[in-house]
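Please keep the structure open beside the text.

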Amino acid sequence: MDILSLPDNEPFIAGTDESIDICSNQIMKLSDASICHCRRGKARIEIDMQAYELTENTQILLLPGSIFNCTYASEDLSVPYIVFSDTLFREITSRLEPSFFQFLKEHPCIVIPEERVKPFIRLSFAMKDLYNDRDNSFRLQIFKNFVQNFILDFYDKTRHLFLQKKPKGMNRQEEIFKHFIQLIHKHCTTQREVSFYASELFITPRYLSTVVQNVSNATAKSIIDRHVILESKALLQSTNLSIQEISNRLCFPDQSFFGRYFKKHTGVSPAKYRSNLN
């Protein structure tokens, strides 16, 4: 069962404390938002190129557009979940400040105290009942109200947990690097040149390259390329878009250029990569 995607024509879905198999080891570009809670078992996942260990009481909030992969899941893994459409997510969070979304992007997985578990368990049961209550005239409005309240509370509590652990003092280069990564998440489907990101940061390409090398021991261009390739793999794996359509979506001049770029960084053509998945 794919718990991170909605069935056709469904605005939301919920499941309660179910034993599931999510270890597909397949990169997915998520269209929907998800709130999950690891109640039992363990798993290893990757979200936007970052690795996370799921253990008991790990809470996950995935934004639409996240790139997800599960590389390992124990047989006893149990994950109550709520999945809702991008449209509903935007309505629910329409009045929240941009820093909220950046916080979630940087901290999608947080181990929460046992006393914080009960609110989500109650919510998942309520949302499962609501999902099945098809005759309820206010079904969607009730869902939005419940989930909005939960997200606000989740943000408040996890933000405080994060601030307690956050190291004091971030130097100028670390700050530039952090903003560079934020910009890549936002623009990597359309922009692949270091000069674009340097311009957005109001610094020279050379200085940006120096900063990225100092902070990450990698080149700015290699980090951009890694994100572009990850987006490409996600589209090849989790959509039925043709290679030409993927090339267009990622703003390559033509399919041939995209094919050469992809093969340079992966060793195989996009068509071969896709065929190897079957």
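Helix α8 (residues 220-238) packs against helix α10 (residues 255-266) at an angle of about 110°, and their axes lie 11 Å apart. That angle makes α8 roughly perpendicular to α10, a label for angles of 65 to 115 degrees, where under 35 counts as roughly parallel, over 145 as roughly antiparallel and the rest as oblique. Axes here are lines fitted to C-alpha atoms, for helices over the stretch in contact, and angles run from 0 to 180 degrees between N-to-C directions. Helices (H or I, at least four residues) and strands (E, at least two) are DSSP runs, numbered from the N terminus.

This is a predicted model, in which local features need pLDDT of at least 70 and side-chain atom pairs count only at pLDDT 80 or more, while totals for chains, interfaces and linings use all residues. Residues are numbered from 1 along each chain as its sequence is written, and side-chain values use heavy atoms, with hydrogens and water left out.

Which residues bring α8 and α10 together? From α8 come D225, V228, I229, S232, K233 and L236, and they meet F258, Y261, F262, H265 and T266 of α10; contact means heavy atoms within 4.5 Å. Sorted by class, this contact of α8 with α10 holds six nonpolar, three polar and two charged residues. In that sorting, Ala, Val, Leu, Ile, Met, Phe, Trp, Tyr, Cys and Pro count as nonpolar, Asp, Glu, Lys and Arg as charged, and the others, Gly among them, as polar.

On the α5 side, Q173, E174, I176, F177 and F180 meet Y207, L208, V211, V212, N214, V215 and S216 of α7. The classes in the contact of α5 with α7 are eight nonpolar, three polar and one charged residues.

Now for confidence. The chain averages a pLDDT of 86, and 91% of the residues score at least 70; pLDDT is the predictor's confidence in each residue, from 0 to 100. Within the chain, confidence is lowest in helix α4 (residues 139-165), with a mean of 78, and highest in helix α6 (residues 194-200), at 96.

What about the interior? The largest nonpolar core has 51 residues, of which F68, F84 and F143 touch the most other members. A nonpolar core is a set of buried Ala, Val, Leu, Ile, Met, Phe, Trp, Tyr and Cys residues joined through side-chain atoms within 4.5 Å. Helix α3 gives the most to this core, with seven residues. Apart from it lies another core, of 37 residues, including V194, F196, A220 and F262. Leaving aside its neighbours within four places in sequence, F143 is in contact with F12, I82, F84, L88, I92, M127 and L130.

L62 sits in strand β6 (residues 58-62). Not counting residues up to four places away in sequence, L62 touches L4, L30, D32, A33, S34, I47 and F68. Between L62 and A33 there are 5.5 Å in space, C-alpha to C-alpha, although they are 29 residues apart in sequence.

The table gathers accessibility for several single residues; buried means under 20% relative accessible area, exposed over 50%, and partly exposed in between (1.4 Å probe, protein chains only).

| Residue | Relative accessible area and class |
|---|---|
| L62 | 1%, buried |
| H187 | 17%, buried |
| P113 | 27%, partly exposed |
| C251 | 39%, partly exposed |
| L277 | 39%, partly exposed |
| N9 | 81%, exposed |

H187 belongs to helix α5, and beyond its neighbours within four places in sequence H187 is in contact with F196 and Y197. L277 lies in the segment after α11 (270-276). Setting aside residues up to four places away in sequence, L277 touches L236 and Q237; L277 and L236 are 41 residues apart in sequence and 9.4 Å apart in space, C-alpha to C-alpha.

N9, in the segment before β1 (12-15), has a positive phi near 65°. C251, in the loop between α9 (243-249) and α10, has a positive phi near 60°.
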